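Here is a short note for a colleague who is opening this entry for the first time. Please keep the display beside the text while reading.

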Amino acid sequence: MSAFLALLKRDLMLSVRQGGALGTALGFYMLVVTLLPLGLGQDLNLLSRIAPGILWIALLLAALLSLGRVFSSDHEDGTLDVLATGRMPLEMVVGAKALAHWISTGIPLALTAPVLGLMLNLDIAVYPLLMATMLVGTPAVSFIGAVGAALTLRSYRGGLLIALLVLPLYVPTLIFGMAAVNGLLGVSGTSAAMLILAALSLTSVVLCPFAAAAALRVQMQ
Amino acid sequence: MQLVAENLVLERGNRKVANDVSFTLEGGSGLVLTGPNGSGKSTLLRALAGYLRPASGSVRILGIGGSDGDTGESCEVGEVCHFVGHLDGIKSHLTAAENLTFWATYLSDRADSGHSVAHRVYDALEVFALNALADIPAGYMSAGQKRRLGLARLLVAHRPLWLLDEPTVSLDTGSADILVKAINRHLSDGGMAIVATHLPLAIEPARGISLVRKEAQA
């Protein structure tokens, strides 16, 4: 367990020291959300109706940006080889790194969403629910993304390939994230959608480390 | 304690790089791998560490027990080895001490519980003459200093088996001597070391295996 915590702590420390990943993700998130109203025009009713969807999709794209580095930076400097030795199974290594990605990217993005919601005329009553769906849903984003990052570890321009591999897998999270938010906007079933969203996240937390570790073992040969 | 490799056949992209390699290594002795570029030294070390699955044959490590209480029949080599490859495994945004502290915590074994992490890191920095650089980010270090920092990892956590792939690359002669001394001390404590090298290193006691390059085979 101390090895798991040591790796988690090191990854968080590196994300603070390197700085670039979170800054890029937040900047990208803000820019995409800012550009959309400019493209869609001044219809405030339209904007507030589609705001939760815009915020969710932009969040997925922003989270994708930093996923490519989850394993590749450790692969390039030989750290990944050493992480694979020792008593901690590779599955736990993946778990620690994906968890660090969620803490350093998923949570900040979810917390930024209300600020951007202001620009989209989003009803203030929806903010807490929107943030809750994002906080519950983003672990799936990080853990499923880790599988994509592991699969594309050694491929040239892996970043684009990750998007192709991983975005389709985000569909259930997006659907139930939106269903939970729309529940408050008038459609029923918020709590059911929220529970399914939590189930998706928990399932990916449990299963994705195995898939990602298997992919890493192949890539490290 | 014994490392047994039996009839190892290793392939890279359908090309055989090592054919029928067998050896037994006893605790307290070293093995020096030599051979021209492309003769399969790195591939053999990666296979021993468990990164690469042999096409046939097996690697077993016997008699590791006692320290962690399992029966000691056999266990994964990757769990009980230090692997130092061509890359140093050093994060350039962390200082030398932070890099080693992470590895000391991450690789910590029960055999290390007698010494605190800070203590082990301090000792390793001292052995490789890195004390003065402890608080400098590894990104500012020279290639040789990074190499020494990578090698200092060997000393922050106990592992019975050291797998070293051309460890003297970019080291000056003084640092190479430090490394040889560290390896010899590890062997005299009953450890094992397998070193791939092009330089004659004074590792005692050690046997040598010379690999030959296979020309393209079907």
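1. A term first. Two strands pair if DSSP finds at least two bridges between them. The model discussed here is predicted. In chain B, strand β1 (residues 2–12) and β4(B) are joined by 6 bridges. The two strands run antiparallel. One bridge can be picked out by eye: Val9(B) has Ser56(B), in β4(B), as its bridge partner.

2. Now the sheet that holds this pair. What is the order of its strands? The order is β2-β1-β4 in chain B. The sheet is open, has 3 strands and pairs them in antiparallel fashion. At its edges stand β2 (15–26) and β4 (56–62) of chain B. Each of these has a single partner strand, so one side of each lacks a neighbour in the sheet. From one strand to the next, the twist averages 15 degrees.

3. A helix packs on this sheet. Helix α1 of chain B, residues 41–49, touches β1, β2 and β4 of that chain. The direction of α1 makes about 125 degrees with that of β1(B).

4. Step back to the whole of chain B. How many helices and strands does the chain have? Its secondary structure comes to 5 helices and 8 strands. Along the sequence they follow the pattern β-β-β-α-β-β-α-α-α-β-α-β-β.

5. Next, overall dimensions. For 218 residues, a compact globule would have a radius of gyration near 17 Å. Chain B has 17 Å, which agrees. Taken along the principal axes, the box filled by the C-alpha atoms of chain B is roughly 50 × 40 × 30 Å.

6. Burial and contacts come next. Of the 218 residues in chain B, 44% count as buried. Take the contacts in chain B with a separation of 6 or more: 72% of them are between residues 24 or more positions apart.

7. Last, the contact between the chains. Chain B gives 19 residues to this contact, and chain A gives 19 residues. On the side of chain B that touches chain A, β5 (81–84) and α2 (96–107) of chain B each supply at least two residues. Which element of chain B supplies the largest share of that side? It is α2(B), with 4 residues. By class, the side of chain B that touches chain A has 10 nonpolar, 6 polar and 3 charged residues.

Notes
Residues are numbered from 1 along each chain as its sequence is written. Chains are lettered from A and ligands numbered from 1 in the order in which they are written. This is a predicted model: local features need pLDDT of at least 70, side-chain atom pairs count only at pLDDT 80 or more; totals for chains, interfaces and linings use all residues. Axes are lines fitted to C-alpha atoms, for helices over the stretch in contact, and angles run from 0 to 180 degrees between N-to-C directions. Two residues are in contact if their C-beta atoms, placed from the backbone, lie within 7 Å. The radius of gyration is taken over C-alpha atoms; the globule rule is 2.2 Å times the number of residues to the power 0.38. A residue is buried if 20 or more other C-beta atoms lie within 10 Å of its own, exposed if 12 or fewer, and partly exposed in between; C-beta atoms are placed from the backbone. Ala, Val, Leu, Ile, Met, Phe, Trp, Tyr, Cys and Pro count as nonpolar, Asp, Glu, Lys and Arg as charged, and the others, Gly among them, as polar.
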